[in-house]
Amino acid sequence: MNAPRPNTREALDAWLRGELDAEAERAFLAAAEEDPELRREVAEYRDLIGQVRSLPPEIEPARDLWPGIAARIPAGRRRSWTWALAASLLVAAGLALTARQGGLGPERRPPPAEAVTATAPPTLSPMARSAYAQTDQALAEIRLQLRRTVAEREAELPESTRRLLHENLDTIERAIAEIEAALAERPQSPELARTYIAYRQRQIDLLRQVNRAAARL
Amino acid sequence: MLELSWGAEPVPPSAAPSLDAAEWELLAGLRRGEEPAFEGLYREHRGRLYGLAYRLSGRQAEAEEITQEVFLKVWEHRAGFESPDHLRRWLRRVAVNLWINRVRRHRPAELDSEAALASLPAAGSPQGDAAAARLDVERALAALPARQRAVVVLFDIYGLRHEEIAESLGMTGGASKVTLHHARRRLKEILR
């Protein structure tokens, strides 16, 4: 019979308090393997902690809170939109680059996708299709609006900004296609569908921001 | 609480990745009082901040109010942010402070007493898939006493260290550890 080691119960408490460093944690988990009851308890807690840690830190508010914030900013303190367009484009470029590299962290990382030719929604799971339906129309409208605005005002933009804008629009299109291709490969993945929704939403926000900035130049 | 410095324009590290570089640009615009830059930062951080406020409070309206209040404070103190990381830490700290001040002022009993479990479905109930399991965990978290919930949320979801949690919640590091222990045991009981 494997008698519990005298210190394992204390170690379990210390582990649950989050006190153990990596080395101490490894030693504790190894020791726990030798005690069936402790092993079962540890497994239950690991499962629980894993579930809590897998909850996404980001939750989208049910409504856009920005108008309420903007309305309370003293009007006299607001400045320049010209710079803002470039900044928005930089953010868009950064996000699109991150999408291609899968660099949004483990919860938001689409798997690598070789095919980037999708221009229409690929075959999606019901969840992903629902997400697509909710976001795609809004994105398409915004994209159209952005392109119209830019077309009207393009001549007024500095050459460097114009180039940056077009590069970003192309990059965004490619990023969207890559995410859709990844979804087509794993259509049943709720995590990927959630990533897709979050990504679409962020891109919509960025395009809105760029559009507003361009419209005010 | 605010720990802001008021100095020259912050300088981004040259090797910063592109997304971070974009945040430095937005931060510089914020410091100059440019509303679009402020909006860009709001859009960048709102999900994480609202998520934190919602998980702490368990109330949509309160989470929205806290989120808006935090960003209004960002605008108020815009000249003092030294780096994107400074801003991120500041956002989190102020959100926690606003939440705990609200609870202490209006609902102090919530700090250490459990919310009603009547609406909490049994773990592994009919839906039985990953989404249902996640919902069970969310509801179990919401049922914890506010102080326990805050510690487990900050430690396990937002990755804070005990010292940081202790500072945010006005407790000792030891109390944060013990509270995490109690919270995990209680969560396990609730989800059993």
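Read along its sequence, chain A of this predicted model follows the pattern α-α-α-α-α-α-α-α, with eight helices and zero strands in its secondary structure (helices are DSSP runs of H or I of at least four residues, strands are E runs of at least two, both numbered from the N terminus). Local features need pLDDT of at least 70, and side-chain atom pairs count only at pLDDT 80 or more, while totals for chains, interfaces and linings use all residues. Residues are numbered from 1 along each chain as its sequence is written, and side-chain values use heavy atoms, with hydrogens and water left out.

**Chain A**
- Of the 217 residues in chain A, 44% are buried (under 20% relative accessible area, with a 1.4 Å probe and protein chains only).
- Among contacts in chain A with a separation of 6 or more, 77% join residues 24 or more positions apart (contact means heavy atoms within 4.5 Å).

- Leaving aside neighbours within four places in sequence, the contacts of B:Trp99 include B:Leu56, B:Ser57, B:Ile66 and B:Leu169.

**B:Ser57**
- B:Ser57 lies in helix H2 (residues 35-57) of chain B, and it counts as buried because its relative accessibility is 4%.
- The side chain of B:Ser57 reaches the backbone oxygen of B:Ala53 at 2.8 Å.
- Not counting residues up to four places away in sequence, B:Ser57 touches B:Glu62, B:Ala63, B:Trp99 and B:Arg149.

Notes. Chains are lettered from A and ligands numbered from 1 in the order in which they are written. Buried means under 20% relative accessible area, exposed over 50%, partly exposed in between (1.4 Å probe, protein chains only). A polar contact is a pair of N or O atoms within 3.5 Å; within protein, one must be able to donate a hydrogen and the other to accept it, and residues adjacent in sequence count only if both atoms are side-chain atoms.
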